[in-house]
Amino acid sequence: MDWSGYKLYEPGITGPVKMLPRAEAKQVFDQCMAQKAARLDMLCLLLKQNEIRVARTNPALQHLNDWFVANVTPDPDNPGSLTPAWYSLVHDVALFLGDVVLERCPGLRWEFYTRGKKDVSFQRHVIVGFTQIANPKYHLDVYHRVSIYAHYIVAARGSVAHYGKVNVRGVEIDVDAAVARQPARKIVPDAFLRWTMLAESEA
């Protein structure tokens with residue numbers, strides 16, 4: 001991959017945004033939205049340099065998906081994780097897919113999510129405004145979906161985090177062995193397009 005000219009996204013925090021005080025987390029959200037256009041320009045630059053057609057059509061989304069699956073890279077020093085550049089790219093791709101959804105569904109919007117401290121999306125940027133779902137807390141966390149997707153891909157290629165053993169109520173459990181017994185997850189080849197079309201049906 002040609003990374004020349006690509007600048008990594010720097011949120012300016014360490015650790016999960018859900019653990020930050022509300023005011024600090026809101027600043028991260030505001031910064032994310034303020035920099036969104038610049039991040040999308042950075043993504044377009046990278047994609048064009050790597051001969052990926054940048055467009056918001058379904059065929060172009062599939063082309064982006066194919067490229068993403070083929071190139072996502074694990075961190076060689078931290079099994080189960082991505083390289084810093086790829087975490088930045090996950091952020092940018094999520095913003096791009098989110099804006100595709102918003103363009104197709106004008107009633108939706110980005111929002112700073114605060115509806116439940118135990119929710120994985122707490123204090124993150126998510127898409128809300130869906131009218132075809134009864135749950136008022138329903139939202140689309142595009143970053144979470146793209147990030148999990150990337151981790152599934154690198155895990156399928158052998159980059160798996162090691163957890164060792166834990167003691168639960170006096171019983172030693174080999175976490176790695178338990179994970180190894182789970183059936184391998186299949187990588188959905190058209191995830192980007194599926195998420196977009198699902199959001200359209202739920203808007």
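Predicted model: local features only at pLDDT ≥ 70, side-chain atom pairs only at ≥ 80, totals over all residues.
**The nonpolar patch**
- Four residues make up the patch on the surface: Val-166, Val-168, Val-171 and Ile-173.
- Together, these four residues have about 290 Å² of accessible area.
- Ile-173, one of the patch residues, has its place in strand β4.
- Ile-173 has a relative accessibility of 35%, and partly exposed covers the range between under 20% (buried) and over 50% (exposed), so Ile-173 counts as partly exposed.

**Glu-111 in strand β1**
- If you follow the chain to strand β1 (residues 109-112), you'll find Glu-111 there.
- Is Glu-111 buried or exposed? Its relative accessibility is 17%, and the cut-off for buried is under 20%, so Glu-111 counts as buried.
- Leaving aside residues up to four places away in sequence, Glu-111 touches Phe-29, Arg-124, His-125, Val-126 and Val-128.

**Helices α3 and α5**
- Helix α3 (residues 58-71) packs with helix α5 (residues 142-156), and their axes are 9 Å apart.
- The angle between the two helices is about 45°, which makes α3 oblique to α5.
- Which residues make the contact? On the α3 side they are Asn-65, Phe-68 and Val-69, and on the α5 side they are Val-146, Tyr-149, Ala-150 and Ile-153.

Terms used:
Residues numbered from 1 in each chain as written. Heavy atoms only, no water. Patch = residues over 30% accessible without salt bridge, like charges linked within 9 Å, V, L, I, M, F, W, Y side chains within 5 Å. Areas by Shrake-Rupley, 256 points an atom, 1.4 Å probe, with all protein chains shown as cover. Salt bridge = Lys/Arg side-chain N within 4 Å of Asp/Glu carboxyl O. Helix = DSSP H or I, 4+ residues; strand = E, 2+ residues; numbered from the N terminus. Buried < 20%, exposed > 50% of the residue type's maximum accessible area, 1.4 Å probe, protein only. Contact = heavy atoms within 4.5 Å. Axes fitted to C-alpha atoms, helices over the stretch in contact; angles between N-to-C directions. Parallel < 35°, antiparallel > 145°, perpendicular 65-115°, else oblique.
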